[in-house]
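Visitor: I am new to this structure. Please show it to me, and then I will ask about it.

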Amino acid sequence: MTSPAGAADFRPTHVVPQDGLPAWEVPDVSRPTAALDPFLPVQLLSRQGEWGEVLCSNGWSAWVDGRLLVAVPQPPPTGGRPLARSEDPRPLLARTADTLERYRRATDQLASGQVDAEAFRRGTRGLRAGVVIDGESVWIYDEANGRWLYGEGGRPATYAVVSGPGSAAGASPPGTSDPGGVADVETQEPGDTGHEPTLVVEGPEGGDR
C-alpha cells in the first residue's frame with residue numbers, strides 16, 4: 001500500500017463487501033498486500049479494467065477487484081457551509097419513523113379501498129421525511145428546521161440546508177427536488193395549492209438499508 005498526499009480530502013464513494021476484499025500493491029496478482037476489512041469505507045480513485053484503486057481513511061491506498069465494491073449514496077452538497085453539532089438524533093429518528101408509518105398506513109388504506117384518492121391526499125398532506133442509512137453512516141432530514149443531518153454512529157451534524165435564510169422550514173415548490181436526491185411526490189390537483197408535497201425516500205439501489 002501507499003500513502004498519498006490527498007488523504008486529508010478523503011470522501012468515501014464505496015464500501016468493502018461483507019466478506020472483505022483481497023488487495024494488491026499494484027494491479028498485479030503477484031504483488032498481494034493486506035486484505036481490506038468488511039464494510040470499510042473507501043474512495044475509488046481510478047479504474048484499470050476490472051481493477052480499482054481505492055483510498056482508505058488512514059491515507060493508505062491499494063488495488064482491488066473494483067467490480068466487488070459496493071457504491072454508497074452520495075451525500076447532499078454542503079454549499080460551503082461548515083458542519084455544526086446537533087442534538088441527540090434519537091428523537092428525530094423516532095419522528096421520521098412515525099412519519100413513515102403514517103404514510104405506510106395511508107398507502108395500505110388506499111390500496112385496500114378503505115379510502116379514496118381525496119382522503120389519501122388529505123391524510124398525507126404535509127408529511128415530509130427522509131433518511132438514508134448505510135452501515136454506521138446516516139443522513140436524516142430534519143423537517144422542522146429544513147436541513148439534512150449527517151452522522152457516523154454519534155451525534156449528527158448539519159450537512160446541508162434545504163432553503164436559504166428566512167425561508168419557511170421544509171418548504172419546497174411543488175414538482176422540485178430537495179438537495180440530496182429527495183424527490184417530491186406531486187400530490188396536487190390542478191389549481192390546488194393548499195398543502196405541502198409529500199416526500200418519499202428510498203434507500204440505495206432502490207431499497208431500504
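Visitor: Which strand holds Asp 142?
Guide: Residues are numbered from 1 along each chain as its sequence is written, and side-chain values use heavy atoms, without hydrogens and water. This is a predicted model, where local features need pLDDT of at least 70, side-chain atom pairs count only at pLDDT 80 or more, and totals for chains, interfaces and linings use all residues. Strands are DSSP runs (E, at least two residues) and helices likewise (H or I, at least four), numbered from the N terminus. Residues 137-142 form the strand that has Asp 142 in it, and that strand is E10.

Visitor: Is Asp 142 buried or exposed?
Guide: Buried means under 20% relative accessible area, exposed over 50%, and partly exposed in between (1.4 Å probe, protein chains only). The relative accessibility of Asp 142 is 2%, so Asp 142 is buried.

Visitor: Which residues is Asp 142 in contact with, leaving aside neighbours within four places in sequence?
Guide: Contact means heavy atoms within 4.5 Å. With those neighbours set aside, Asp 142 has contacts with Leu 92 and Arg 147.

Visitor: How far apart are the end C-alpha atoms of helix H1?
Guide: Helix H1 covers residues 90-111, which is 22 residues. The expected span is 1.5 Å times one less than the number of residues.

Visitor: Within what arc do the buried residues of H1 fall, seen down its axis?
Guide: The buried residues of H1 are Leu 92, Thr 96, Thr 99 and Ala 106. The arc is taken from the directions from the helix axis to the C-beta atoms. These buried residues line one face of the helix, because the arc they fall within is 90 degrees.

Visitor: Which elements do the buried residues of H1 pack against?
Guide: Arg 90 and Ala 111 are exposed on the other side of H1. The buried residues of H1 pack against helix H2 (117-124), strand E9 (131-134), E10 and strand E11 (147-152).
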